[in-house]
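Biologist: Please walk me through this chain, feature by feature. Let us begin at the surface.

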Amino acid sequence: DGEVHINELKNGNTEMFWNPTSEVRRQRLKRHIVLFEEQTDFESERLWQHVTSAINKGDQHKATQEKFVLEEEQRNAARERRESGTEWKPLLFRHDAGTNEWHYKYEDLRPWDPLNDIAQFEKDGILQTMERHLSTRMSNHKATCINNQITRHKRSSKDCRRRKTSDQPSNHSQNTESSCSTPESVQELSDDDGKYLGFESLCAQCGKEMNHLKEIHSAVLSLQKAQQDIHR
């Protein structure tokens, strides 16, 4: 977003190649970086800080020295791992032995859905997509929880029917009979039906993700409105 010049070495003339307007500067992307004090030792800005400082000061000799120090440390660390038989396990990348290439572990190659995908963000080195609705993974997990609760309820209902057919029902079993009920159509149960039948709330993970989605939803209402205006 700054000026770019072409310098002619033969005659020393300088020509303007690119000079962005104020409108172009206003449209530039906002730069998001991890705070320096929150970076780990192997993150680029912290790892190369001395090299960067020397370059900014115009000290090419110092920058070369600092670069050599870093490379020697990496060579020594690799040699020590090789001698001790320690395997290097990257946090964010996996190696494809077939193609001999490295791939990002959390890559998402699906097409961008402008009606559901709100924004892409990074957290702890992992790229994630903020979505408007529950993801398939969340929906499947929720369905599994509900199915498990339905199964437990059906099992308890069978136990109740067994107690009903007992030859000598006691007062306790008679009380149990009156409290047992079987849903007419288990397949059509909704969340409200589950609450009516006495199902417990969804598992802790579901509840946590639901609360997190509610917080996200309330935080991006203005962004959603802007996107809707754009689509219209």
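Modeller: V4, I6, F17, W18 and V24 make a nonpolar surface patch of about 440 Å². Patch members have over 30% relative accessible area and no salt bridge, with nonpolar side chains (Val, Leu, Ile, Met, Phe, Trp, Tyr) joined within 5 Å and like charges within 9 Å. A salt bridge puts a side-chain nitrogen of Lys or Arg within 4 Å of a carboxyl oxygen of Asp or Glu. Areas are Shrake-Rupley values with a 1.4 Å probe, and for residues only the protein chains shown count as cover.

Biologist: What kind of model is this, and how is it numbered?

Modeller: It is a predicted model, where local features need pLDDT of at least 70 and side-chain atom pairs count only at pLDDT 80 or more, while totals for chains, interfaces and linings use all residues. Residues are numbered from 1 along each chain as its sequence is written, and side-chain values use heavy atoms, leaving out hydrogens and water.

Biologist: Which strands supply at least two residues each of the nonpolar patch?

Modeller: Strands are DSSP runs of E, at least two residues; helices are runs of H or I, at least four; both are numbered from the N terminus. Here β1 (4–7) and β2 (14–18) are those suppliers. W18 sits in β2.

Biologist: Why does W18 count as partly exposed?

Modeller: Buried means under 20% relative accessible area, exposed over 50%, and partly exposed lies in between. W18 has 39% relative accessibility, so it is partly exposed.

Biologist: Is E66 buried or exposed?

Modeller: Buried, because its relative accessibility is 18%. E66 belongs to helix α4 (residues 60–84). Contact means heavy atoms within 4.5 Å. Leaving aside residues up to four places away in sequence, E66 touches H50 and V51.

Biologist: How do β5 and β6 pair?

Modeller: Two strands pair if DSSP finds at least two bridges between them. β5 (residues 117–123) and β6 (residues 126–131) run antiparallel, with six bridges. K123 has I126 as its bridge partner, and F121 stands opposite Q128.

Note on methods. Buried means under 20% relative accessible area, exposed over 50%, partly exposed in between (1.4 Å probe, protein chains only).
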